[in-house]
Amino acid sequence: CIKTSKYNIITFLPVNLFEQFQEVANTYFLFLLILQLIPQISSLSWFTTIVPLVLVLTITAVKDATDDYRQCCRLLPNSTVLSLCSLRQEQWMNVRVGDIIKLENNQFVAADLLLLSSSEPHGLCYIETAELDGETNMKVRQAIPVTSELGDTSKLARFDGEVICEPPNNKLDKFGGMLYWKENKYPLSNQNMLLRGCVLRNTEWCFGLVIFAGPDTKLMQNSGRTKFKRTSIDRLMNTLVLWIFGFLVCMGVILAIGNAIWEHEVGVCFQIYLPWDEGVHSAFFSGFLSFWSYIIILNTVVPISLYVSVEVIRLGHSYFINWDKKMYCAKRRTPAEARTTTLNEELGQVEYIFSDKTGTLTQNIMVFSKCSVNGHSYGECRAPGPEPVDFSFNPLADPRFQFWDPSLLEAVNLGDPHVHEFFRLLSLCHTVMSEEKSEGELYYKAQSPDEGALVTAARNFGFVFRSRTPKTITVHELGRAITYQLLAILDFNNIRKRMSVIVRSPEGKIRLYCKGADTILLERLHPINQDLTNVTTDHLNEYAGEGLRTLVLAYKDLEESYYEDWSERLHRAGSAPEAREDYLARLYDEVEHDMMLLGATAIEDKLQQGVPETIAILTLANIKIWVLTGDKQETAVNIGYSCKMLTDDMTEVFVVTGHTPGRDLGVPHWTGHRAQLWAMLPIVPLLSLQAHALEADMEVEFLETACACKAVICCRVTPLQKAQVVELVKKYKKAVTLAIGDGANDVSMIKTAHIGVGISGQEGIQAVLASDYSFSQFKFLQRLLLVHGRWSYLRMCKFLCYFFYKNFAFTMVHFWFGFFCGFSAQTVYDQYFITLYNIVYTSLPVLAMGVFDQDVPEQRSMEYPKLYEPGQLNLLFNKREFFICIAQGIYTSVLMFFIPYGVFADATRDDGAQLADYQSFAVTVATSLVIVVSVQIGLDTGFWTAINHFFIWGSLTAYFAILFAMHSDGLFQMFPNQFRFVGNAQNTLAQPTVWLTIALTTVVCIMPVVAFRFLKLDLKPELSDTVRECGLGSEYGIPTPDGMRFRGSLTLSPGDVPRCKRKEPKTSFFL
């Protein structure tokens, strides 16, 4: 059976803990906890580690349990299984291979079934495959004729056939097998299969034989684990944590050596009244134990709360994306969705975008625009003030269809045989399903928008496709119903790039109709078509230059004797136990030769709203956009101009030859970064050329050529080649890549890129299911990157810088104190303060900054795309910034320890008593630390909200409340062994000297930071500083026109380059 849950009640705790302790950080803190249980080396109570560790494990466990519950709580329906001439209800988990299942209308298919019979004639049934490929249009499946009559349970109970088929695999569109029954064998294909996840539609009932069940079904074979993606900050953070751990070991070694020396030189003099612990017999062994003690004490330089805080911040950023109303498409009722929480900050570092064209840049709503028939081009409107063609003569016409050239309708009315044959082909050569909801109201369900547009065009011009059965197609030709016998369908696929049908007319004539890509069909025409081919090719180039999608149409008459022989060979090939696909491909190729050219179609797929503006703004943000499409070069060029990827100032055109494999791509030499280059690799032969360009010995030269260009458009690429191009850039450029697409052919590219974005469009939801982020329109990519991505990167960088700073400032005080306490591993702070510092006193303010902070408002982020550049250059958090934060933390810890130490050396209380006791010193240092880090986060916060105020002031309030509570008489009465220093906090903080010491420490720690930032803002401001100052001027009514110069040297204009300029070649590259 299939288990969609990972845990159950018994296994949850052990399995989840085992998984969590796969994380190095959790294992590290478990190791520390074990060390703290050893009395000889632990100077801290065990709860200082176990409390934060349990908190982290609990939060993660609750999250995992919630996610798992959502997976397992979906109730699955029962299936009706045939057993001993009767039907019984069974749960899906009990369905076995060989069972016969009865399905009723609107039921899910429980396993991969061989369709045996149905309520529809000829054993047909209709299914919806949205769970498999996202397509909501119905598809037809048919039982093999020999089993289609097994419609009642008594006949099915006597069915004793044997099926031999392929092993379980993940190929949704292919199935090969053989049914052996009644001493005969019958070939089985994907058209006879109902796959798990499909839904039965418009069919009262059907019976199916279980072929694959449970994890062997094709749906489950496709549900393998997606490759886990990590951000560059994650990888850097792991490296830095290892460095910090190395630094921790070094500090432990230094203090351990100090302890051994002190015990040997000084401690030996105190053995009488301060003997070594039991088991310690030498200064060296004392130093060894001291090393582990200091590892425990100083472990907070590797904070366990870091990882949980990062996940909380990322979760908040994901919710902001999901809740963004400006990325909501009201027309489709589709919001933006962050399908992962691990890549948000990577959205602020993208350098390369790889985009599909159809459905991603365009709407994928196809409109029949122009056509070429027998050398005549139709679709150009020559009359002034054009009106759409009047199709009122046709009661079955689609009222939404519009065409602007009346001459094509005139040719139909005049009986032009070529035009009639043209539309006859369009009405016959397809896989569209027709549904008549009411008299004369036809509704077509097509597997692709292109196919639906072509059949609709034929419908309006009088060739109306009405219905189909497995063996016939009925068409109303100019009002006359004609039924054609359907002899064979030669399916379309990405390798053939064409589709054919063979039909027999009522007069008995057998004819093959074919439509497909021009690169495939033109070479399969009869030589007699040469003149017509030249004219049609000119029309194709003209259509492609306008950005239209083109197909070539052809036909071929077949002799009866040839067809009978070919059909027999086709049947034998379909029954072949091995290499069936190869045999069928050869037979298809044989019959699809020497065809007669009919013409070509041109379909318009308009750009989505906002695409040119989005591409222009992303280009200003130094993001390189590559379009990877399977269309013709001319179509891609036109789309490039429409999208404003290409501009008129790109005038000099160079062509990369590369017809044959070799090391030289033929790139001409050019000098100067403003040289114009269109690198156009030839289109034919496609696969041979791409293979050579992407081979190991040429891929570097290919990449260098492409990266020297400003715009790159790759034409005629396959889905695999899209992924190869993305992988090539990832491999050599070490840049963050983003792939965006809307169809199943984009899945490999989406999974290969660092970030995958799916467009929920007309081609199903496979791209969305494989993506990390999804929305409905390409224009939302601008907001996703420039607003959410940039903010996420900024917030995460500021969070990490502050987090490492505050923990080093906190921990290094112990290191300095070690030199004044005989290296005895004594802590400065109270153990409760150590426990609560990272989880109560400083956790919420930094989380608020990491979730809500902004440097400039969202509209400014869109207006000034150059603000995006620091993320691409990784300026805000890198090794240099890390060491700066560490240095600031160490500087703060030095002042935090030595200023109170110096003051307390000679300070007295109001009553003249000595102030310098251990507990008063600890309270003073801890209070100084909390105030300093709170002031620091106030300086770091660029966007104040009520939540920031509440968390910062609330944390300070919580600190003092807990501090006074722990030194209160009430807790002492309840726990006298734990809270022995009654009134210490109150007495210490009542001394003016203590508050002056805290104030002095705070000023000395913070003033250098304030001075540095002030000077930097005044002398060398960043673009964000200038944009923010401009915004403040506008807010207070100060005139700040574009181009106004502020203090310093930076002039602000929309699109200006900040201090880190990079040269941009004005070049385009076509593949």
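Visitor: What should I keep in mind as we look around?
Guide: This model is predicted, so to speak of local features we need pLDDT of at least 70, side-chain atom pairs count only at pLDDT 80 or more, and totals for chains, interfaces and linings use all residues. Residues are numbered from 1 along each chain as its sequence is written, and side-chain values use heavy atoms, with hydrogens and water left out.

Visitor: Why is D356 called buried?
Guide: Buried means under 20% relative accessible area, exposed means over 50%, and partly exposed is in between, using a 1.4 Å probe and protein chains only. D356 has a relative accessible area of 5%, so it is buried.

Visitor: Which record entry lists D356?
Guide: An unreviewed UniProt entry lists D356 for "active site". UniProt positions are given in the numbering used here, feature names are shortened, and annotations may be inferred rather than shown by experiment.

Visitor: What makes the link between the side chains of D356 and K722 a polar contact?
Guide: A polar contact is a pair of N or O atoms within 3.5 Å; within protein, one must be able to donate a hydrogen and the other to accept it, and residues adjacent in sequence count only if both atoms are side-chain atoms. The D356 and K722 side chains make theirs at 3.2 Å.

Visitor: Where does helix 34 bend?
Guide: At I1006, by about 30 degrees, with a proline, P1008, following within four residues. The bend at a residue is the angle between axes fitted to the seven residues ending there and the seven starting there.

Visitor: Why does C1005 count as buried?
Guide: Its relative accessible area is 2%, so C1005 is buried. Other buried residues of helix 34 include V994 and T997.

Visitor: What makes L875 partly exposed?
Guide: L875 is at 25% relative accessibility, so it counts as partly exposed. You'll find L875 in the loop between helix 28 (869-872) and helix 29.

Visitor: And why is T811 buried or exposed?
Guide: With a relative accessible area of 0%, T811 is buried. T811 is found in helix 24 (residues 780-818).

Key
Helix = DSSP H or I, 4+ residues; strand = E, 2+ residues; numbered from the N terminus.
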